[in-house]
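I opened the notebook to go through this entry chain by chain.

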Amino acid sequence: MGVASKLPVYFEQVPGGGIITTKLEQVLDWSRASSLWYMLFGLACCAIEMMCAGASRYDFDRLGMIFRASPRQSDLMFVAGTVTHKMAPRVKLLYDQMSSPKYVIAMGGCATRGGPFYYDSYSVLKGVDLIIPVDVYIPGCPPRPESLMEGCLKLMEKVKKEKMADWSRDVRPE
Amino acid sequence: MSDQSDMVKSLIAAFPGKVIALELAPEQAAVLVGASAVRDFFRHLKSDDKLRFDYLSSLSGVDAGEHLEVVYHIFSTVTKAKLTVKVQLPTENAEIHSICDIYRATDWYEREIRELYGIEVLNHPDMRPLLLPEDWDQGPPMRKGWTGRDFIVKPE
Amino acid sequence: MDEEIRSDQLISKSTDSGFATEEFMVNMGPQHPSTHGVCRLLLTMDGEVVKDCQPHVGYLHRAIEKISENRTYAQIIPLTDRFEYLTSMACNWVFCLGGERISQMEVPERAEYIRVIMVELNRIASHLVWLGTFGLDLGAITPFLYCLRERELIMDLFEMTCGQRLLYNYIRVGGVSRDLPVGFEKKCKEFVGYFMPLVDDYEALLTNNPIFLTRTKNIGILPVNMALNYAVSGPVLRGSGLKWDLRKDDPYGYYHKFDFEIPTGTVGDTWDRYIVRINEMRQSALIVKQAIEGLPEGEFRAKVKPSFKPPAGECYTRIEAARGEMGAYIVSDGTAKPTRLRLRGSSYNHIMVLPEIVKGLKIADLVAIFASFDAIMPEVDR
């Protein structure tokens with residue numbers, strides 16, 4: 001009862017149990033947020049912290065997140081590492097291959113804005129948001145697995161606020 | 001070390017007029033080789049019984065301002081000897097012979113100096129770009145003073 | 001009634017009837033779970049068999065060498081971290097060794113001991129990641145979880161010392177950036193005591209497993225002559241049978257004070273490279289134990305000016321990192337910024353030799369061989 005009072009639901013006691021009334025959108029958003037499957041897309045150093053976050057001590061599985069190798073089977077892409085000009089078309093292709101609704105987390109300084117390679121580098125794309133829309137930015141070089149988890153939790157809050165009509169469009173509610 | 005300087009003296013004697021000794025640092029054997037003698041020199045280093053240089057660790061291009069340099073760092077796992085070989089090239093129309101049939105390790109190193117420094121490597125089997133995108137059209141980026149489209153210089 | 005036809009007769013009947021096969025190209029990467037980074041392999045296949053393999057690299061070329069031409073020596077050290085992120089202590093060391101050799105600087109004894117401890121702990125951490133991902137590539141998920149559990153303990157030790165888990169910026173020109181914290185020696189000794197028997201546990205998971213043996217024995221044999229011609233180094237060269245380790249054959253630092261062996265393989269197949277790295281983990285733990293027990297008192301860094309300006313000159317230094325020989329060629333013109341920094345990574349040569357040894361093998365063998373080379377893409381692309 002205490003838990004139900006915090007959720008956006010109507011709870012009614014009936015003989016034999018209870019009835020919960022809520023919007024379909026809430027249930028679907030909640031189920032999607034609790035089971036975000038991420039694509040293994042590690043480019044550079046941040047990929048190792050992503051692996052650590054998925055491994056023994058900081059377990060991603062308890063958040064419902066498991067890794068999938070294929071973009072068709074995942075709804076979240078961590079851009080973990082530096083994106084170079086040579087790699088950029090492939091990142092865009094992978095993003096396009098994911099099916100909607102899809103989310104992107106820019107992990108680390110390099111994916112956010114070029115990182116330590118912003119100045120004096122001729123081949124680094126200064127931020128992955130130049131080619132794909134990003135939902136959550138996680139600063140750090142590399143960000144600790146705890147930061148990564150906080151980023152994922154913020155994304156889950158964002159997903160829970162989504163409207164069904166926005167699922168098939170690549171529109172991010174502000 | 002005396003055996004290092006003996007080795008350098010024997011190399012100079014084997015290639016008169018094409019090889020000079022360089023003084024880079026104490027205990028560091030180094031020679032400067034003329035660009036035309038590069039292939040014969042490395043063949044000699046590999047096949048000579050006393051030298052037995054079998055491990056070419058690194059090949060770098062250097063932009064030294066007035067000229068370009070190609071620097072080879074070569075070692076022997078048998079005699080534990082070390083040698084630095086430099087070749088000086090002009091900044092315009094720099095050309096060097098490939099040694100990738102003598103030391104297979106230089107295959108990709110030579111592709112790299114071509115795209116990053118603009119040094120043409122003759123008789124290399126595969127001169128496609130290695131590190132840069134295939135549609136790179138901004139010239140060799142490792143040259144001093146190069147600027148390009150997405151190149152932001154760090155302010156002082 | 002026709003006689004019974006056995007299934008192997010049926011197969012030979014079908015190929016005798018002249019089915020034609022065609023080669024096709026398969027693109028593996030740059031995003032692929034088992035390419036360990038962004039490496040693209042263009043494979044020409046005939047069924048499951050690889051006819052040709054062409055590696056395409058450069059997807060992580062970040063121009064570290066160009067950036068270093070506009071940075072001071074202290075600013076380049078964090079950049080060298082990103083050159084080989086799993087052994088960043090070694091990357092820092094090879095660069096600082098160059099600066100010290102050009103300026104002929106003496107490093108205090110305590111700093112040398114600390115450097116050895118850090119680099120050997122880093123070697124164990126790197127091999128643990130390798131072992132985890134090697135198992136993952138062959139389909140075994142358990143070694144991954146166990147190895148990363150131990151690696152977290154090493155990360156704790158590093159975090160105690162320099163605040164970072166992965167990219168340390170700890171080894172500086174002249175020594176290390178700060179002294180070991182209180183409690184480090186005790187925690188390190190506990191770790192070594194805890195870790196040594198665990199290597200036997202990892203071996204129990206994989207080494208005598210029949211599936212593992214079938215997938216790794218006599219697969220991807222690299223002959224010694226080919227290895228030297230391609231300048232292959234590290235556990236890959238030692239797996240092929242040549243006992244060559246820069247810690248003993250081209251000594252640097254204080255390795256001559258420690259007693260350790262160099263594990264070597266025999267044939268040069270995937271299994272040899274695996275067993276060499278497992279034994280290297282044991283030897284590294286032994287070196288850390290000796291170093292922490294014999295740690296002297298003293299300064300942790302030589303007196304170096306904040307604006308470090310080595311004299312004009314050049315130097316090529318090389319050390320034995322976890323993957324092989326790591327080299328740094330520094331050309332200094334007497335100013336605070338080097339004219340040229342060239343970083344040499346061992347994975348560059350390992351991927352160069354890959355096409356030579358996978359011809360005629362199946363794609364699953366290619367995955368096992370690639371994993372056994374333990375190549376990391378920033379070493380290739382810089």
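I am working from a predicted model.

**Interface of chains B and C.** I looked up the contacts first. I find 25 residues of chain B in contact with 29 residues of chain C. On the chain B side, β1 (19-25), β3 (55-63), β4 (67-75) and α3 (106-117) each supply at least two residues. β3(B) gives the largest share, six residues. I sorted this side of chain B by class: 14 residues are nonpolar, six polar and five charged.

**Domains of chain A.** Chain A is divided into domain 1 (1-33) and domain 2 (37-157). I noted 33 Å between the C-alpha centres of domain 1 and domain 2 of chain A.

**Cis peptide bonds.** I checked omega next. S100(A) and P101(A) are joined by a cis bond, with omega about -10 degrees. P101(A) sits in the loop between α4 (88-97) and β6 (103-107) of chain A. I place P142(A) in the loop between β7 (136-138) and α6 (145-160) of chain A.

**Positive phi in chain C.** N218(C) is not a glycine, yet its phi is positive, near 60 degrees. I find N218(C) in the loop between α8 (210-216) and α9 (224-229) of chain C.

A231(C) lies in the loop between α9 and α10 (234-239) of chain C. I count A231(C) as buried because it has 29 C-beta neighbours inside 10 Å.

Conventions:
Residues are numbered from 1 along each chain as its sequence is written. Chains are lettered from A and ligands numbered from 1 in the order in which they are written. This is a predicted model: local features need pLDDT of at least 70, side-chain atom pairs count only at pLDDT 80 or more; totals for chains, interfaces and linings use all residues. Two residues are in contact if their C-beta atoms, placed from the backbone, lie within 7 Å. Helices (H or I, at least four residues) and strands (E, at least two) are DSSP runs, numbered from the N terminus. Ala, Val, Leu, Ile, Met, Phe, Trp, Tyr, Cys and Pro count as nonpolar, Asp, Glu, Lys and Arg as charged, and the others, Gly among them, as polar. Domain bounds come from an automatic or database domain assignment. A residue is buried if 20 or more other C-beta atoms lie within 10 Å of its own, exposed if 12 or fewer, and partly exposed in between; C-beta atoms are placed from the backbone.
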